[in-house]
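Here is a short report on a model with its chains, helices and contacts. Look through the structure first, then read on.

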Amino acid sequence: MWKKRIIAILILLLGTGIAFFVFKSEPKLNKSFEQESSFFKHHPFRLGLDLSGGSHLIYKADVSQVPAGQVTDAMNSLRDVIERRVNLFGVSEPVVQVQESSFVSGGDEKLIVDLPGVTDVEKATEMIGQTPLWNLKIEAPADAPREVKVGADGKINLDMSQQFVTTELTGRYLKKAVLEFDQTTSQPTVGLQFDETGTQLFADITKNNIGKIVAIYLDGAPISTPVVREEITGGQAQISGNFTPAEAKQLVGRLNSGALPVPITLVSKQTIGATLGDNALYAGMKAALIGFLLIALFLILWYRLPGVIAVLALSLYVGIILVLFKLLPVTLTAAGIAGFIISIGVAVDANILIFERLKEELRAGRTIADSVSAGFARAWFSIRDSNISSILTAIILFWFGTSSIKGFALTLGMGVLVSMLSAITISRIFLYAIEFIGEGKVARFLFSSGLSK
Amino acid sequence: MFIIKHKKIFIGISVLLVLLSITSICVFGLKIGIDFKGGALSEVEYKSVRPIQADLNPALEALNYGPISLQPTGDLSYIVKSRDLTEAEHSQLLTTLSQNGQSALEEKSFNSIGPSVGKELTRKAILSIVLVSLVLICFIAFAFRKVSKPVSSWKYGIIAIASLLHDVLIPVGIFAFLSHTFGVEIDSLFIVAVLTILGLSVSDTIVIFDRIRENLRNRVGNDFKETVGTSLNQSFVRSICTSLTVILVLLALVFFGPESTKYFALMLAFGMFFGTYSSIFLASPLLVLTEEIQNKKKK
């Protein structure tokens, strides 16, 4: 008997601890947040763009030039480059994700960029678009078709782009770029250092093209067309366009922050102003609080003493879920908050199933203690069955959804799962702990429900 | 027993509601939002005075972006819809809306979705609807694999699916009406709402059928009709209480929650309501009706 009560008290203490953690680690609630230890500081709720304000950009990547097996690599290095680029501009917690083409998402390789706090899309796209596209091309075979146009003024135009064919060596194999000065002419040049794969590729290309021209392309235009003299194995190359020192320096900066391995185009953009996000967050919290109070009121009025216990269990459930949101962490969106709020409603379901069973057992003439254990045992199967379909739906939604749908599916799915366990274990412990109230008339009244006396 | 006795009335109400919903969908139609068809949506708020639409229209037409719709919202804001815009076109649009800077404004949100992204979302939406339906049908089949007398298990399945259709069609019908009256459009959250309704209402129907199955095994009641009636009596309080709590939180979301999830929560609340209604007043009476028809055939 005492053991049960001690466990119940421990759980109550745990609940208080959880509430304390949620409070301490939330800058909006805790006034002395700045002075807290780093443990608390590192776990505020992570808010999605629709609550914090910011930009959501979707780029389509053109991977037609990338060999089939290397698309994933190319996309990953594209992501790294954009991430570096975005970090360079001091955006806090940007999210850059690759969405690969598949049967589900369609044929395009996409890059999704979330920039919290950036509401000026023009600036945002500019800073991403500034990244240079760099690649090396070699002379096309002599028999390749070439188009020569004779202009109206009688001049002959040879289209440069048809003279060269693309190689595999692109900006993704670039390790770093440095500013150098030619020792004889003191012209500024840009020195390139390739990574391991790049070095190998560069050695092969130079070996096979001795005496021929290679073209270094930047942002789709040739900036330098040197003649290969010998095989270069050191993985180093030089671009000597006719740069001014300032131009060369800028180019080095751009190349170092990352050259894009594949060209990208912006296909979708979404911006949410900070005030709109704040309002949505405030409204979401208000709705959650009011929803919770309504349920608590209903449970206590309808189920009396077990209702009070259900409210306790529900409070613990809310605490556990909020801590999970913080620790995992789960990015909260308006839809995610909706999922969480609905899960509060669904969480009560398990308790209601148990209490209805309990009531039946009481009516059948059993003692309160017996009814409690029978109620739990017999309700478990209904609880399991009634939650399976919600969990299945949540899994599918999570699988297919875009970010806001994923948020909803995750919070709802997590909620249903956690609530199943919390309702059963926590309510049971509390109900056992108060068995001492005995079998009197008052006790029977407290354990009844609805309009009955 | 009251419900079983008057089953034809309740089934009739459901049929009527479904017919009304289908009519509403056909008459009002469902407006597809930019999530699926691509386009741009911008919300702007003027600092002091909102210029009237007629004053803005000529300048907007001169932009040549195709049809641009202005929808007043609040006291100072417009929601502006057009085809998807590039960054340059977007800033041009803002300049035009501010009448070249004469009426200062702030852009609250902007959303431009290219046609390819819209196509992708459409594909995902259709796939997830198909998949959720398949999974739920499998789940129903699995849940009722052992019941056979006096109504065979596949009939439970078909009735569960019929009441599922009922639960989805009615909220969609209401949505069509709302979309006609308030200009609400179908976005990805709408699809989520439909799928969540499917999940929640299946579980509700299954809990009641579960009870019927248990009572059949324990030989409760003199005939099938009575067994179903007793099962309903035992489980309807739970059904109503559960969906009541969910509806309570959903209503909190509708009235106090964020603007973006308002219609989503409303859809779900209707779904919850009709989901519970159908599992008590439609699915079980249909089950009894099926059994009666079977008996008549035998005679």
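Chain A holds 13 helices and 15 strands. Helices (H or I, at least four residues) and strands (E, at least two) are DSSP runs, numbered from the N terminus. This is a predicted model, where local features need pLDDT of at least 70, side-chain atom pairs count only at pLDDT 80 or more, and totals for chains, interfaces and linings use all residues. Residues are numbered from 1 along each chain as its sequence is written, while chains are lettered from A and ligands numbered from 1 in the order in which they are written.

Of the 453 residues of chain A, 42% are buried (20 or more other C-beta atoms, placed from the backbone, within 10 Å of a residue's own).

**Helix α11(A).** The 33 residues of α11(A), 368–400, should span 48 Å at 1.5 Å a residue, and the end C-alpha atoms agree, at 47 Å apart. The expected span is 1.5 Å times one less than the number of residues. A kink of about 35° is centred on A379(A); the bend is the angle between axes fitted to the seven residues ending there and the seven starting there.

**Where the chains touch.** Chain B gives 57 residues to the contact and chain A gives 57 residues (contact: C-beta atoms, placed from the backbone, within 7 Å). On the side of chain B, α6(B) supplies the largest share, 15 residues. That side divides by class as follows.

| Class | Residues on the side of chain B |
|---|---|
| Nonpolar (Ala, Val, Leu, Ile, Met, Phe, Trp, Tyr, Cys, Pro) | 31 residues |
| Polar (the others, Gly among them) | 16 residues |

Technical notes. Buried ≥ 20, exposed ≤ 12 C-beta atoms within 10 Å, placed from the backbone. Contact = placed C-beta atoms within 7 Å.
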